Amino acid sequence: MSRDACELSALGRAFLDRRSFLGGAANGLAGIALGALLGRERLLAREEPIRPRIDPSQPHAARSPHFAPRAQRVLLVFCSGALSHVDTFDWKPELVRRHDTPLPGGAGLVTFQGENGNLIRPLWEFRPRGESGKRTSELLPRIGSLADELCFVHSMTAKSNTHGPAENQMATGYTLDGFPSMGAWVSYALGSACDDLPAFVALPDPRGVPQIGTRQWAAGFLPAAFQGTPFRADEPIAHLATPAVIAPAEERASRELLRRLNERHLEQHPGDTQLAARIASYELASRMQLAAAEVSDLSQETRATRALYGADDAGNPLKARFAQNCLLARRLLERGVRFVQLVNGAYAMGEGVGNWDGHKTLKAQYEVHAPILDQPVAGLLIDLKQRGLLDDTLVAFVTEFGRMPTFQKGASGRDHNPHGFTVWLAGAGVKRGFSYGATDEFGHRAEVDPCTIYDLHATILHLLGLDHERLSFYHDGIERRLTDVHGEVLRGVLAS
Amino acid sequence: MLCASLAFASLALAALPSALPGEGAGEDESVEQHWSFRPLRRPAVPASDAAHPVDAFLDSARGAAGIAAAPPADPRSFARRAYLDVIGLPPSPEEVAAYVAAAARDERAARAALIERLLASPRHGERWARHWLDVVRFAESDGFETNQPRPNAWPYRDYVIRAFNEDLPFPRFVREQLAGDQLGVDEATGFLVGGPWDRVKSPDPVLTANQRADELHDMVATTGSAFLGLTVGCARCHDHKFDPISQRDYTALVAVFAGVQHGERPLAKLREARAAELAALEPELAELERALEEAEPLADPASSSPRRAAVSSKRNTERFAPRLATALRFEIERTNSGSEPCIDELELHDAQGQNHARAARVVSSGDYAGDPQHRLEHLCDGIVGNAKSWISNTPGRGWVELELAAPAVVERVVWGRDREARFADRTAIDYRISLRDDAGSWGEVASACDRASESMPLTGPLAELSREHRELHARVAELRAVPQVYAGRFEAPPPTQLCHRGDPMQPRERVAPGGIRSLAGFELAEEAPEAERRAALAEWIVARENPLPARVIANRLWHYHFGNGLVATPSDFGRNGARPAHPELLDWLACELLDHGGSLKHLHRLLLTSAAYARSSRIDDLAHARDGSNRLLWRFSPRRLEAETLRDALLSVSGELDLRMGGPGFDLFEPNDNYVKVYRTKERALPGDLRRMVYQAKPRSELDTLFGVFDCPDAGQIQPQRNASTTPLQSLALWNSRFVLERAEAFAARVRRELAERPASGNAAEVRRAYALVFARSPEPEEEGAALALVEQHGLAALARVLLNSNEFVFLP
């Protein structure tokens, strides 16, 4: 057993991983004894869980994956409110042909808000794109034009048909509140390649927070070190800037005194790694002050790059602000941030007003929302590709569920539909210009290769070199996983 | 080093039961033999030189491992430790000085006296209630999508504080939380409904069934983990993998709670107390209302002076000269919120009071789609309130038309937006009411144009009568509004069925309410009344034969005092949980609890007066090499203060802490009343916010940007054990936040104020006083020089900022 394992602080002990515990003494008797002990765990899981070993003084230090990864980092684009797949990416000619007729077998069907009317054709035309000829709609033409880069999953299903639990599930794997988000799991498992920035950054929509608020990027029961840090345009991280009332000389002198005070205290408590970790955290914080300010300084970007995203679109200030978030996402990924979560859509203004929840007047609402999303995300993909970042960055574009192929009775919008919807992946380790799975002829239910959010999460972890069945954290009697007791890696989407 | 560590590893395996979860799950051990299920028998205290029984147990294990104990902590450190741990606030320099002096005379007596005083302090309940609230996932908002606040959930928090301060016997504490409605403590059942609740309902039966199953699951799982230390929730979809809990047992517990619904109910005691005054005032109010209605002139659509009372979102009467009508038209041009207008009920009365609207045929300009609460057929259905109302499909506008079943002579229209007064938006403030006569011609009978408004108030005798009415109405409303408490509503329970694979859409056989059968459970008849179910569960849990609750609570106390439990998994005493480090000690403590009337303070006292608790936290190299995790308690494990203690301590040393107890909490977030509540951390704390953090109106799943980074639980799940991470975001928050800078300023002001009353003054005196307040010690000479230099150049607040960020302040010594 190595000395530093003896010196683990409370945090370190909480994380103490029996595998790494073994690792230090694998050749010794202790290893054998512990191996016997571990043998008793057969009941616990098919294979023993892996709890990453965290150095309390550097909780974000890079950690090894379980096997060779295809992706080094993840960009998650989360469209809050449930983006309609039948109006964007899932082309259903039969839906056009059977426009304004009843959904076969749908008599008396009650969905989230109640009864449904007739089938309604997509509200925007679909056109073939690129070499693949993949049809996507004119609602998001610029994202559509990149279809050759994208790997669509058309047969996604969700467990819940209401926003709270469904956003919980997409973000954390569980429909209940209180579980760690995907990015928290990933930063817990892998730390970060970047010392000076948080491992997991969330970029909330400029219109506000999504339906489940900050739970989209929460740490749940994982230590706070792994929660998503929300960046804001004006102050990238809360409390980042030295307050204006503190002059530079005072700041320097104060930091110096704090350092001396803490070091003297450490001398009196030798060997206490918690104290050392806290001293280190102040040094990290001061490096983060510089790095976060630097990464947020979008004026370093060329006019051409800014134009690619639409970051200066004076006619659509909301789009410009979302585009700036997209640009910031690239800068964060470039600097090695492990997981960036870009949110599109906010709920505070109510149903469908600032998000994709088009129950009543879908066309009018989506025509406001689509320009905010389309060019900035397309620009981001193009920029990532030009810079070679797409080679080792996985992009996942998700929403909590889809929408019905019918209109709601008495309304001009579509109700919730968790039985079949579209998400897409792009970049590291996934097929290009590919479509996986399919819904039925109307886009109502997943029919070919139906898959679950567990499968999606398993696939994302797999691409990062993590075994979703083994990455675990002990909480309340259970070795918890992102994928609960479910999930199969979607082998069909993996690039050879 | 390798040799030493190998020696330790094998020693550890030989001498110590494992602390790591999962290692208890040996198949060689039958269920009956599992340590926590075995009957509780008082072990003999081992023979030892130790004066204190707790130490006698610990010394024998430590002695066997050949590890020497650390010396006692110095009295100053001990005082800080005891204050921060027992009451959650740092001691004043004077309190420390008094203790140090007393300890110099007789340390053991001084310790005992200090512990006694701290346990008697009302601050103790505040500190320890926070621990219990972690264990039971308590928060004051719904969670899920809307995360709306629960403004009447706080009485449960006050109940827990009171229970701990009054040393409520533990079995009683358990009973009250499960069945307090039957024991005169309504607010205690806030426990049952302290968890998340999805308020977004739908006509979809699958969603509705799943939502209800989740609510009941939360109650069953929390009850199991809090009181029994068992992960009962793991048996939702299948029999428990490790523990003797079948899916049928789980379902029997679901049946216990099957009649419990989320929501508020009135505090019964208060309702009774107010009944007499209310009985006297209600007829008076009715009389006044009649007088007011008669005094109010008839509606006059031609007038534009404020002759009639302003539009009320609750209820409005429009009186006019009797006339024959065949139809009524109500046209709305504007609402107070700009959103689609809502009418909960529209009535058309004749002189005899008959409402002709009830039998009318109704058409409208267009109806709000999708929400079953708001339908055109609710407009004249005789049911008031938002849940049975009509909403137009056009923002700000809309009309309805009533075709009467037969012509009638009518004289009055009554309408409102929400007569239950829960909603005040969507109220028509610009409207016209017309009637059609039997010749088919329409005439306007009333409109908003002669109603008063904020800019055009009523005048004359009507104004006076109206004021009297307002006052009496307010008093009656106050009396009627018996304080509600978010402690659940109890309904007749429907039958409970086992759900195949946990899926409520796959119901199987019916299951009667009961307990866990392998633990000598109880079973009631399938039709047992609701209240009886919870009472029976409580009795089963606290029965002396049930060994779990006493073991579990004794371990929780140990966990919070020493930083780690004797069982490292405080809410999992099952076979997948950790095994106890000192099983006999744990059993002895559990017996002590039960044999002293369930007094938690007795148990606190036992732990706090032990030598183990008073040890120095200094690291001894040899002991550390052998037992780095300190499972043998050879030293006291220091730890970072939790978020709440840190905030309380900052306010305490700055002299600003507001010690008002109880009542509605303060908010760390900016107010807003969006449907989906948005939580934005307030820029600055307001004066009413400087209370102890246990009085924060704690939302679920939302953490503020300052203290939220210090591992505050978000109450989405239970948190029987907090993480204690160290991150740069914590440093940024404590170093740069406005909150801490303002505390530093207040601290500097406090020091100057105090010194103004004393002979000593000047920078050196300020530095010494600052050290005394923050650390309860004097600066050492070299520290004093550096601190003095900072104060001279940058002021006392600069020094305060440094001290409040120091490890010495932020760690429990």
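This is a short talk on a structure with chains A and B, beginning with chain A, moving to the place where the chains touch, and ending inside chain B. Please keep in mind throughout that what we are looking at is a predicted model.

Let me begin with chain A, which contains 14 helices and 20 strands. Of its 496 residues, 61% count as buried. If we take the contacts in chain A between residues at least 6 apart in sequence, 75% of them join residues that are at least 24 apart.

One residue of chain A deserves a separate word, and that is Asp100(A), which has a positive phi of about 65° although it is not a glycine. Asp100(A) lies in the loop between helix 5 (93-97) and strand 2 (110-111) of chain A. Is Asp100(A) buried or exposed? Asp100(A) has 11 other C-beta atoms within 10 Å, and it is therefore exposed, since the cut-off for that class is 12 or fewer.

Now to the place where the chains meet. Here 96 residues of chain B are in contact with 90 residues of chain A. Several elements of chain B give two or more residues to the side that touches chain A, among them helix 1 (2-15), helix 9 (205-228), helix 22 (781-794) and helix 23 (796-805). Which element of chain B gives the most to that side? It is helix 19 of chain B, with eight residues. By class, the side of chain B that touches chain A has 39 nonpolar, 39 polar and 18 charged residues.

Turning to chain B as a whole, we find it divided into domain 1 (1-72 + 549-637), domain 2 (169-263 + 484-546), domain 3 (311-450) and domain 4 (640-812). The centres of domain 3 and domain 4 of chain B, taken over C-alpha atoms, are separated by 56 Å.

Ala550(B), Arg551(B), Ile553(B), Ala554(B) and Asn555(B) in helix 14 meet Leu586(B), Leu589(B), Ala590(B), Leu593(B) and Leu594(B) in helix 15. That contact has eight nonpolar, one polar and one charged residues by class.

Staying in helix 14 of chain B, we come to Arg556(B). With 25 C-beta neighbours inside 10 Å, Arg556(B) counts as buried. If we leave aside its neighbours within four places in sequence, Arg556(B) is in contact with Val135(B) and Pro570(B). Glu584(B) is 28 residues away from Arg556(B) along the chain, and their C-alpha atoms are separated by 16 Å.

Let me finish with residues in loops of chain B. His262(B) is found in the loop between strand 1 (260-261) and strand 2 (265-266), and it is buried, with 20 other C-beta atoms within 10 Å. Beyond its neighbours within four places in sequence, His262(B) is in contact with Val193(B), Trp197(B), Glu215(B) and Gly488(B). Leu633(B), in turn, is placed in the loop between helix 17 and strand 15 of chain B. Although it is not a glycine, Leu633(B) has a positive phi of about 55°, and with 27 C-beta neighbours inside 10 Å it counts as buried.

Definitions and conventions
Residues are numbered from 1 along each chain as its sequence is written. Chains are lettered from A and ligands numbered from 1 in the order in which they are written. This is a predicted model: local features need pLDDT of at least 70, side-chain atom pairs count only at pLDDT 80 or more; totals for chains, interfaces and linings use all residues. Helices (H or I, at least four residues) and strands (E, at least two) are DSSP runs, numbered from the N terminus. Two residues are in contact if their C-beta atoms, placed from the backbone, lie within 7 Å. Ala, Val, Leu, Ile, Met, Phe, Trp, Tyr, Cys and Pro count as nonpolar, Asp, Glu, Lys and Arg as charged, and the others, Gly among them, as polar. Domain bounds come from an automatic or database domain assignment.
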